[in-house]
Amino acid sequence: TKKLVASALPIQSAFASPYRWRVLGLAVLAQTSASIVSQGVYTLVPFLQSAFQLSQAKAALSVTAVNAGQVMSMMLMGWLIDKYGERGVVVVAPDEQLLAEYRKLQTQVLKEARKLQQLKHAKTETADRVEIELFANIELPEDAIQAVKLGAVGVGLFRSEFLFMDRKQALPDEEQQYQEYRRVVDLMHGLPVNIRTIDVGADKALGGGGDVSQTGTSPLGLRAIRWSLTEPEIFLTQLRAILRASAHGQARIMIPMLAHAKEIDETFRLIEKAKQQLHQRGKAFNPNIQVGAMIEIPAAALVLPLFINRFDFLSIGTNDLIQYTLAIDRADHAVAHLYDPLHPAILNLLANIIEQAKRANVPVAVCGEMAGDPALTRLLLALGLTDFSMHFSQLLLVKREILQANVGLLKARVARVLRAYE
């Protein structure tokens, strides 16, 4: 399938998503790090905005000569990144030739970045005039500032759980959450903001201590909406905060990891209860706030009409959809190599979800890493996707691919890809 995709749908891998880059050299023992930093190679490092990105970087490590633990302990000493992602090695004490190679690459990257900046104000449409909307994934309110600067037309995914993680004190109360959500809404100046309710569990541990249920570490365990429904008071607190923020702009609620009709029923019951509580307190909110669902469990994709009939919009979380469909834990390095966004099952699931949602006139986006990978932009366009949501650092890279793409030609080729099973 990968060969067929490459031939049928031109995919350009240069400057692909930083999450997919391999580490060529974290070099970098103490005695060599100072010279590397002083020669400017250090600036090749993509800035890790959060613990989530750090976990993604850890997952991408392919290490020889030193083990992963040693490599991570040397992280702050300086990075050399293999842009092409082919060698996947750590080089300790790189020689002058290697440093020269990366100084040259650094110049190329900076030149490319300057060219990309020119695209910020260009209309986002394909060569055959298909309009595309690019949204930003954010983790902290201040990320919205960069999202707007880079031309995002909204926040497609606000990972609200980062307000709850790594806290030594109590979990944020309603007022604290409301202020954070309102800040994002204000920064987006009337553009939509999809606030995903708490998605803790698996690789994201809840902070704050206290008498709350433990989420565990299994990606199949108590996490996301499953956890929220076992902690209704915490969930109601968050829902009230989001509802209050909706009085100031287009705040929208997005629910992760739904699979069952009874989960949907209970979720909407609690949303209505939160509205009633605010009404009794005389707090302003949008009574018609939009509620969306993330499609990230194969069961949800297979009963999509249930979601289409109940929700205002859908967002495909490809990270989890891929791991659940292919039965792999992407945090388990023993099977991480099986994580494959181009698996025929994944492509057919995506095509079916997008087609059904479009037919029902329900907005659908992709908010997983696939959306932010320029190497996959044309493939997603060929599948009919028009709403992409990604980390703001990828917006212009993806936009460049969109401006050069012809959706009509791509769609004519995609049927062949979807029929391939090898």
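Colleague: Which residues does leucine 150 touch, not counting residues up to four places away in sequence?

Modeller: This is a predicted model, in which local features need pLDDT of at least 70 and side-chain atom pairs count only at pLDDT 80 or more, while totals for chains, interfaces and linings use all residues. Residues are numbered from 1 along each chain as its sequence is written, and side-chain values use heavy atoms, with hydrogens and water left out. Contact here means heavy atoms within 4.5 Å. With residues up to four places away in sequence set aside, leucine 150 touches Gln117, Lys120, Phe392, Leu395 and Leu396.

Colleague: Is leucine 150 buried or exposed?

Modeller: Leucine 150 lies in the loop between helix H6 (143-149) and strand E4 (155-159); helices (H or I, at least four residues) and strands (E, at least two) are DSSP runs, numbered from the N terminus. Buried means under 20% relative accessible area, exposed over 50% and partly exposed in between, with a 1.4 Å probe and protein chains only. Because its relative accessible area is 14%, leucine 150 is buried.

Colleague: What separates the C-alpha atoms of leucine 150 and glutamine 117?

Modeller: Glutamine 117 is among the residues that leucine 150 touches. The two are 33 residues apart along the chain, and their C-alpha atoms are separated by 8.1 Å.

Colleague: Which residues does threonine 124 touch, not counting residues up to four places away in sequence?

Modeller: Threonine 124 is placed in the loop between helix H5 (96-117) and strand E3 (133-138). Its relative accessibility is 15%, so threonine 124 counts as buried. Beyond four places in sequence, threonine 124 touches Val130, Glu131, Ile132, Leu134, Lys399 and Ile402.

Colleague: How far apart in space are isoleucine 198 and alanine 224, C-alpha to C-alpha?

Modeller: Isoleucine 198 sits in the loop between strand E5 (193-196) and helix H8 (224-230), and counts as buried because its relative accessibility is 0%. Among the residues that isoleucine 198 touches are Phe164, Ala224, Trp227 and Pro256. Isoleucine 198 and alanine 224 are 26 residues apart in sequence, and C-alpha to C-alpha they are 5.9 Å apart.

Colleague: Is histidine 189 buried or exposed?

Modeller: Histidine 189 belongs to the loop between helix H7 (174-187) and E5. Its phi is near 50°, a positive value in a residue other than glycine. At 65% relative accessibility, histidine 189 therefore counts as exposed.

Colleague: And is methionine 257 buried or exposed?

Modeller: Methionine 257 has phi near 65°, again positive in a residue other than glycine. Its place is the loop between strand E6 (251-255) and H10. With 2% relative accessibility, methionine 257 counts as buried.

Colleague: How does the contact of H9 with H10 divide by class?

Modeller: Helix H9 (residues 232-245) and helix H10 (residues 261-281) pack at about 65° with axes 9 Å apart; axes are lines fitted to C-alpha atoms, for helices over the stretch in contact, and angles run from 0 to 180 degrees between N-to-C directions. Residues of H9 including Phe235, Leu239 and Leu243 meet residues of H10 including Leu270, Ala274 and Leu278. Ala, Val, Leu, Ile, Met, Phe, Trp, Tyr, Cys and Pro count as nonpolar, Asp, Glu, Lys and Arg as charged, and the others, Gly among them, as polar. On that basis the contact of H9 with H10 has 8 nonpolar, 2 polar and 5 charged residues.

Colleague: How does the contact of H13 with H14 divide?

Modeller: Helix H13 (residues 318-325) and helix H14 (residues 344-359) pack at about 130°, with axes 10 Å apart. H13 is therefore oblique to H14, a class for angles that are not under 35 degrees (roughly parallel), over 145 (roughly antiparallel) or 65 to 115 (roughly perpendicular). Thr318, Leu321, Ile322 and Thr325 of H13 make the contact with Ala345, Ile346, Leu349, Leu350 and Ile353 of H14. The residues of this contact divide into 7 nonpolar, 2 polar and no charged.

Colleague: Which residues touch the most other members of the largest nonpolar core?

Modeller: A nonpolar core is a set of buried Ala, Val, Leu, Ile, Met, Phe, Trp, Tyr and Cys residues joined through side-chain atoms within 4.5 Å. Of the 422 residues of the protein chain, 55% count as buried. The largest nonpolar core has 96 residues, and those touching the most other members are Tyr181, Phe307, Phe311, Leu314 and Phe388.
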